[in-house]
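Here's a quick briefing to read alongside the model. Have the viewer open and follow along.

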Amino acid sequence: MAAEILEQLAEALIKGQAPVVKELTQKAIDDGIDASEILNDGLVAGMSVIGDRFKRNEVYIPEVLIAARAMNSGMELVKPLLLAAGVKAKGTVCCATVKGDLHDIGKNLVCMMLEGAGYEVIDLGVNCTPEQFVKGVQENDADAIGMSALLTTTMTNMKATIDAFTEAGLRDKVKIMVGGAPLTQSFSDEIGADGYAPDAASAVDLMAELVG
Ligand code: B1M
C-alpha cells in the first residue's frame, strides 16, 4: 500500500503535477508513512528520474523546473516532519554565482536538483564575493560549495574564492564544485577545485562522490 502511494507520488512528480504531489504527500503522511520514506522513495525517486532524463536530453529545462516546483509542493509538507524527527540531510551545500556574475538560471537548477537529491542547499544568490562564500560556509557549517559562472570574465573569481577558503583555513574541510557554460574540467583542475559538473544532473552525481 505504502509502496503504491510512493510510486504514484514519484510518477506525479515526474509529470510535474504539483497539486497531485501535494495531495499524495499529505495522503502518505496521513497513512503514517515515515517522512524519510516519503522523501527518498517518493519525491527524490521522482526527481532522480528527471535528472537522468535531463542528462540524456530526453527532457529539457522547462520540464526540470516544473518537476522541481512539484517537488517543492511536497517538500513543504515533509520538511517540518523531517526536522522534527532529526533526519539529517546528506550534506549542506552553499551555492552561488560568483562575484560579478548575475546569471542564475543554471545555478538555480543545480540548487533544485541537489535539494531534490536530499542535500540541504543554502542559496547565497548571485554576485557572491569570496568573503560571502566563506561566511556562508561558516554560518551554516557547510560541507561543500557550488560555484557557478557564465562569463569568461567572472570565471577567474572562482580561483579567488578557493584562495579565500585556503586563507580562512577551511580548504581541507570544504569540497568545492564548479560549473557553468564556459568552464571545463581542465579549468577546474587548474584552479584547484574538487570537481567540475557540466550540467545540473551531473552536479548531483559529483556531490555524492565528494560529500557522500
Ligand atoms: Co548573459 N551572457 N549576459 N544574460 N546570457 C551569456 C552567458 C553569453 C554567452 C551570451 C552571448 O554573448 N552569446 C555571454 C557571455 C560571453 C562570455 O563571457 N563568453 C553573456 C553576456 C556577455 C552577458 C552580459 C555581459 C551582457 C551585457 O550586459 N553586455 C550581461 C552580464 C551581466 C552580469 O552577469 N554581470 C548578461 C546578462 C544576461 C541577462 C541578465 C540578460 C540574462 C540572465 C538572467 C538570469 O540568469 N537570471 C542573460 C542570459 C539569460 C544569457 C544566456 C542567453 C542564457 C544563460 C542561461 O541561463 N542558460 C547566455 C547565452 C546562452 O547560454 N545561450 C548568456 C541556461 C542555463 C540552464 O544554462 O547557466 O549554462 P547554464 O547552466 C547549465 C550548466 O552550465 C550547468 O548546469 C546548468 C544546467 O544543466 N551549471 C552548473 C551551471 N552552473 C553550474 C554550477 C555547478 C554545476 C553545473 O556546480 C556548482
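**Ligand shell and domain contact**

Sorted by class, the shell around the ligand holds 15 nonpolar, eight polar and three charged residues. Bear in mind that this is a predicted model.

**Around the ligand**

- In total, 26 residues surround the ligand, and the closest are Leu102, His103, Asp104, Ser148 and Thr152.
- Leu102 uses its backbone: an N or O atom there sits 2.6 Å from an oxygen atom of the ligand.
- Thr152 also comes in through the backbone, with a polar atom 2.9 Å from an oxygen atom of the ligand.
- With Asp104 it's the side chain, where an N or O atom is 2.7 Å from a nitrogen atom of the ligand.
- If you're colouring by secondary structure, pick out helix 5 (105-116), strand 3 (144-148) and strand 4 (175-179), the elements that give two or more residues to the shell around the ligand.
- Helix 5 has the largest share of that shell, with four residues.

- Eleven residues from domain 1 and twelve residues from domain 2 make up the contact.
- Interface size is often quoted as the accessible area lost when the parts come together.
- Here domain 1 and domain 2 bury about 980 Å² between them, and 77% of that is on carbon and sulfur atoms.
- How many salt bridges are there between domain 1 and domain 2? The count is one.
- Asp205 and Lys55 pair their side chains in a salt bridge, at 2.4 Å from N to O.
- As for polar contacts, one residue pair turns up across the interface of domain 1 and domain 2, counting pairs with both residues at pLDDT 80 or more.

**Domain 1's side of the contact**

- Helix 3 (35-55) and helix 4 (61-85) each supply at least two residues to the side of domain 1 that touches domain 2.
- Which helix gives the most to that side? That's helix 4, with six residues.
- By class, the residues on the side of domain 1 that touches domain 2 come out as eight nonpolar, one polar and two charged.

**A look at Thr156**

- You'll find Thr156 in helix 7, which covers residues 156-167.
- The Thr156 side chain reaches the backbone oxygen of Thr153 at 3.4 Å.
- Thr156 and Lys99 are 57 residues apart in sequence, yet their C-alpha atoms are 9.5 Å apart in space.

Technical notes: Residues numbered from 1 in each chain as written. Predicted model: local features only at pLDDT ≥ 70, side-chain atom pairs only at ≥ 80, totals over all residues. Heavy atoms only, no water. Contact = heavy atoms within 4.5 Å. Buried area = accessible area lost by both parts, 1.4 Å probe. Salt bridge = Lys/Arg side-chain N within 4 Å of Asp/Glu carboxyl O. Polar contact = N/O pair within 3.5 Å; in protein donor to acceptor, adjacent residues only side chain to side chain. Nonpolar A, V, L, I, M, F, W, Y, C, P; charged D, E, K, R; others polar. Near = heavy atom within 4 Å.
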